[in-house]
Amino acid sequence: MIVRRFGVRHSRQLLALSRRSPISSRFLSTEAPITTQAEATVESTNPLHEVVQATQNPKSLAQKQFRKEEQQRNKFNKLGSSVTESHDPEGILRNPPRPSDITLELLLAAGTHLGHSTSRWNPQNSRYIFGIREGVHIISLDVTAAYLRRAAKVVEEVAARGGIILFAGTRKGQKRSIVRAAELAGGYHIFERWIPGSLTNGQQILGHCETKVVNALDEELPEFKADLADRSSIKPDLVVCLNPLENVVLLHECGLNNVPTIGIIDTDADPTRVTYPIPANDDSLRGTNLIAGILGRAGEAGQKRRLEMAREGRTLYKPITATELRLDPFTGQTAQTAGGEQAKEQSAPQTKRE
Amino acid sequence: MARPTSNGLVQAMQSLRLHSPLPQRSCLSSLRHHSRTYATETETQAQPDSTPDMPVQAAPEIDFSTNFIRSPARIIPASPSYFSGNPRFVDHVLNLESLQARYASLPILPAGDAPRMAWFKLKQFREYVGEQVPVKKYKSLIKILQRLNRIQPDMIPGEVRSVLDSFLRPGNPYAIKHAPPEVDENGKARAKGKRKESTAVVQLVEGEGEIIVNGKSLVEAFPRVHDRESALWALRSTQRMDKYNAWVTVRGGGVTGQTEAVTLAIARALMVHEPGLKPVLRRAGVITVDARRVERKKPGHVKARKMPAWVKR
C-alpha cells in the first residue's frame with residue numbers, strides 16, 4: 001500500500017488529476033499549499049476560441065467536461081519530445097510552397113518521380129523518363145521541375161491578365177487541394193465529374209449558372225446585371241487538370257475551344273492531350289497536392305499583380321467596354337432599351353478604331 | 001516474357017536524351033538563376049508585344065480619375081464552382097464541410113439523442129437552391145447537417161446554429177406538442193380507432209353499460225358473439241362493462257374491421273377516463289394499433305403475391 005502511494009507521484013496520471021489529493025500535492029512541492037488564481041486565458045487564433053470562451057463559466061455538465069479536457073490538452077501538449085523535420089500532410093494544403101520554392105528534394109519527397117510499370121508506358125513520354133527501377137519507370141525530376149516552373153509561369157501570367165483559371169481534379173481525395181488552389185489563385189474548381197458538353201454546349205449546361213460583371217478591381221457592378229441575359233456561358237482561359245487520364249472529354253473540349261491546358265502526365269498518359277504537360281506521378285495525393293498548391297500560389301501572385309496594376313489604373317488585358325456589354329449578343333447591334341445616348345457616345349471611338 | 005531488358009531500354013532512353021531537342025537545357029539555365037522574378041520578365045516581354053500589332057491603347061480611353069472604378073472590365077462567374085453545373089449546391093456543401101472540420105473537436109451526442117430537425121425535403125431543397133440536385137448528393141448534404149446537429153446543444157456555436165437553421169423547413173413539425181385528451185364538461189371522452197378500412201369514433205360517458213353503435217343496439221350491429229366480445233374487450237378485461245355508456249359511430253370496411261376499430265377507440269376513450277389502466281389495457285392488447293392494410297395487387301401476379309400457375313407451352 002505504502003509503495004503504491006509513493007509510486008503515485010511519479011506517474012503522468014497524477015498531473016491529469018484535476019483535484020490533487022492532499023498527499024500527492026505534499027510530495028510535489030515543498031511549499032505550503034496555497035489557493036491559486038484561475039489560470040490566465042491565452043488569446044489564440046483557434047476557431048474554437050469562441051466556444052472555449054463561452055465555457056469559461058460553464059453551466060452544464062457537458063461544458064464542464066469539455067473545459068476539463070481542454071485544460072488537460074493544454075497541459076499535456078507541452079510534454080514530451082518535440083519532433084522536427086516531420087511531414088505534415090495538412091501543411092501542403094494550408095501553406096503550399098511557391099514556384100520559387102521548387103527543389104528536386106521537394107519533388108522527390110512528394111514522390112513525383114514514380115511512374116508506372118514499364119509495360120504500361122506511353123513511349124511519347126520517353127523524353128521525361130530517367131530510367132527504370134524495380135520494373136517501374138522513374139521520371140527525371142529536373143525535367144519535372146522545369147516543366148512545373150513553366151506551368152506556374154503560365155498560370156501566373158493568365159491570372160495577371162484576368163483570365164479564368166479552372167482547376168480540375170476528379171479523383172478521390174483531390175477535392176481539398178483543388179478547392180484550396182482555386183481559392184489561392186482566384187480561380188474555379190471542379191472536383192466531381194466534368195459534365196460533357198460544358199464547353200461545347202455551354203448554354204444548355206451552364207446557362208442557368210450565375211455570372212457577374214466586375215470592374216478592374218474585382219468589385220461587382222450590379223448596374224450591368226440586366227445585360228448578362230442571353231449571353232453565352234463563360235469558357236475558361238486556362239484549365240489545370242490533375243488527372244488527364246480520366247478527363248479526356250474535358251481536354252478534348254478544351255482543344256475544340258482553343259483553351260490551353262496544363263496536366264500532370266504520368267508515364268502511362270498521353271502528353272499530347274495537354275498544352276503544357278507536367279511529367280509527374282499523378283497517383284500519389286501528396287504529389288498532386290504539391291503541384292496543385294504550387295500552381296495555386298503562382299495564380300495568387302498573378303492575381304496580386306493584376307490588382308496592384310488595377311489600383312494604379314492599368315490593366316494587362318483589354319477590358320470589356322460598357323458598349324460591348326450593351327450590344328445585343330445575337331444581332332451585334334445596340335439594344336434599344338439599354339444605354340441610349342451614352343451608349344452611342346461610347347460606340348463612336350470604337351467605330352473609328354475599326 | 002515480353003519484358004524488355006532494363007539495359008536495352010536505358011540505352012534507348014539515353015540515345016533519345018542525346019538526340020532529342022531537350023527541355024533540359026532551358027531547365028538547367030533556368031535553374032542557374034537563383035532568384036526568379038516573374039513579374040519583370042513578363043513586363044518586358046508584354047510591352048513590345050502589345051505595341052506593334054495593335055495601335056489601340058487601352059489606357060487613354062479609360063478615364064481613370066472618375067470612371068475606372070465604375071467601368072466594367074470582365075464578365076466572370078459569380079461562384080468558384082461555376083463549372084460544376086450546380087454552383088450554389090457545391091458552395092453550400094463546401095461551406096458545411098468547412099464548418100464540420102472547424103468544429104470537429106466539440107463534444108457530440110450519441111447518434112440517436114440529437115434533437116430531431118425537420119430539414120428541407122428533396123423538393124423543397126431543390127427550390128431553395130434553385131438547381132436540380134440529384135438524390136444522392138442531397139443525401140450526402142443531409143448527412144453533414146445531421147453530424148453538425150449532433151454537437152452538444154449547449155455548446156453549438158452561433159455560426160453553426162444559424163447555418164443549420166437556414167436548412168430547416170418553415171414551421172417545425174416536431175415542435176408541435178399535441179395536448180393530451182381530456183374529459184369534456186359533459187363527462188364525455190372522445191376517441192378514434194382504425195383497423196383495416198374501418199374508422200370508429202367513440203364517446204364514452206360514465207353509466208350503466210349501454211352501448212349504441214350507429215344508432216342500433218350492439219346486438220343488432222354485431223350479430224356474432226365473437227364480434228361483440230372483441231368490440232367490448234377493453235371494458236370486459238378491466239371489468240368496467242357496467243360502468244360506462246358508449247355512443248359509437250363506425251364507418252367503412254367489413255365486420256371484423258369495424259369491430260376491432262371499435263375496440264381500439266373504446267380502449268383509448270377509457271384511457272382518457274382512467275389513465276392508470278394503461279398497463280392493463282396494454283397487456284390485454286387493445287391499445288396496440290394494427291397498422292396492416294390490404295397489400296396491393298401487382299402486375300404479373302394473380303393477387304398481391306400469388307403467381308399464375310405454370311403452364312407448359
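The following exercises, each with a worked solution, concern a predicted model.

**Exercise 1.** Describe how helix H9 (residues 175–185) of chain A and helix H12 (residues 285–311) of chain A are arranged relative to each other.

*Solution.* Begin with what has to be stated: two packed helices are described by the angle between their axes and the distance between the axes. For H9(A) and H12(A), the axes come within 7 Å and cross at roughly 15°. Because angles under 35 degrees count as roughly parallel, H9(A) is roughly parallel to H12(A). To complete the description, the crossing of H9(A) and H12(A) is right-handed.

**Exercise 2.** Find which residues of H9(A) and H12(A) meet, and sort this contact by class.

*Solution.* On the side of H9(A), the residues that take part include Ser177(A), Ile178(A), Ala181(A) and Leu184(A), while among their counterparts in H12(A) are Ala292(A), Gly293(A), Gly296(A) and Glu300(A). Sorted by class, the contact of H9(A) with H12(A) has 6 nonpolar, 7 polar and 3 charged residues.

**Exercise 3.** Decide where in chain B confidence is lowest and where it is highest.

*Solution.* Next, look at the elements: helix H2 (residues 24–32) of chain B has the lowest confidence, at a mean of 43, whereas helix H5 (residues 87–102) of chain B has the highest, at 96. Over residues 22–51 of chain B the pLDDT is below 50, although this stretch has 21 contacts in the model beyond near neighbours in sequence. Where pLDDT is low, the predicted coordinates should not be read in detail.

Key:
Residues numbered from 1 in each chain as written. Chains lettered and ligands numbered in written order. Predicted model: local features only at pLDDT ≥ 70, side-chain atom pairs only at ≥ 80, totals over all residues. pLDDT = per-residue confidence, 0-100. Helix = DSSP H or I, 4+ residues; strand = E, 2+ residues; numbered from the N terminus. Contact = placed C-beta atoms within 7 Å. Axes fitted to C-alpha atoms, helices over the stretch in contact; angles between N-to-C directions. Parallel < 35°, antiparallel > 145°, perpendicular 65-115°, else oblique. Left-handed = near helix turned anticlockwise from the far one by under 90°. Nonpolar A, V, L, I, M, F, W, Y, C, P; charged D, E, K, R; others polar.
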